[in-house]
Amino acid sequence: MYQIKKLIQYLIQKKLLPYEKIIFKSELSIEELKEKLKNTIEKNKTFKLSFTSTKKKFEGRVEKNKFRLTRLHENRINGTFLKPEIKSEFVEKTTHREIHVTITSLEYVIALLGIWLIIPVPFLIISLIEPYDIETILMGITGIIAGPIGFYAFILAFFNIELDNSKKDFKDIFSATII
């Protein structure tokens, strides 16, 4: 278990996993920050229609000085299972307030990504052992590796788009700057 945590920390440090920590600085009081945020949040629903439209930017909850959100899209269809999770807390400083935000992909997306990246290994080994011509081996290797790498690139691209949108939204909501 300890090795897995170290591996995940290493992958996060090298920016190979979709994960970002951001600190926003605002002059507003914590109560004002919470109120502004609550105006942009739709409460979590256990049952929701996929095609309903919303004007809210986030779905989640605010509790005490913390919040846990996911971004909403106008039509709720775009990447619903890939949307990043946003965890944060408000911190009172003497001259300003800080909002410590952590944005990461949901655990099942990271698990799916890990499985998808491991699947090609046995096929790669088999394609190298079996006596085929070099053309067949290269086609097999290309096909086996291209799928997972494409999926990984898609997840990272989607995460970075959502990250940029969330940064912009939080700057606007909190009248804040990134430290």
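Analyst: Ring pairs join Phe24, Phe58, Phe67, Phe90, Phe170 and Phe174 into a cluster. The model is a predicted one, in which local features need pLDDT of at least 70 and side-chain atom pairs count only at pLDDT 80 or more, while totals for chains, interfaces and linings use all residues. Residues are numbered from 1 along each chain as its sequence is written, and side-chain values use heavy atoms, with hydrogens and water left out.

Rings of Phe, Tyr and Trp (its six-membered ring) are taken as a pair if their centres lie within 6.5 Å; planes under 30 degrees apart count as stacked, over 60 as edge-to-face and the rest as tilted. By this rule there are eight aromatic pairs. One of them is formed by Phe67 and Phe174, a tilted pair with 6.3 Å from centre to centre and 45° between the planes. Phe67 belongs to strand S4 and Phe174 to helix H5 (residues 134-174), so this pair ties together parts that are 107 residues apart in sequence. Helices (H or I, at least four residues) and strands (E, at least two) are DSSP runs, numbered from the N terminus.

Both Phe67 and Phe174 are buried, where buried means under 20% relative accessible area, exposed over 50% and partly exposed in between (1.4 Å probe, protein chains only). Phe174 also pairs with Phe170: the ring centres are 5.5 Å apart and the planes are at 5°, so this pair is stacked. Phe170 and Phe174 are four residues apart in helix H5, which means that about one helical turn separates them. Phe170 is buried, with a relative accessible area of 0%, and Phe174 counts as buried at 0% relative accessibility.

Strand S4 (residues 66-71) and S3 pair in the antiparallel sense over six bridges, and among the partners Val62 is bridged to Phe67 in S4. Two residues lie between the strands in the hairpin of S3 and S4, where Lys64 takes a positive phi near 50°. Strand S3 (residues 58-63) also runs parallel to strand S2 (residues 41-43), joined by three bridges; there, Glu42 has Glu59 of S3 as its bridge partner.

Turning to the pockets, a pocket is defined on a 1 Å grid over the protein atoms alone, as an open set of points where a 1.4 Å probe fits, with protein on both sides within 12 Å along at least five of seven lines; lining residues have an atom within 4 Å of a point. The largest pocket holds about 300 Å³ of space, a volume being the space filled by probe spheres set on the points, with grid points joined across faces, edges and corners. Its lining includes Leu7, Leu11, Ile110, Leu117 and Tyr152. Helix H1 (2-13) and helix H3 (107-118) are the elements that give two or more residues to this lining, and H3 gives the most, with five. The lining of the largest pocket divides into 10 nonpolar, one polar and no charged residues. Here Ala, Val, Leu, Ile, Met, Phe, Trp, Tyr, Cys and Pro count as nonpolar, Asp, Glu, Lys and Arg as charged, and the others, Gly among them, as polar.

The second largest pocket has a volume of about 240 Å³. Its largest share of lining residues, four, comes from H1, and the lining divides into six nonpolar, three polar and three charged residues.

Key
Pairing = 2+ DSSP bridges.
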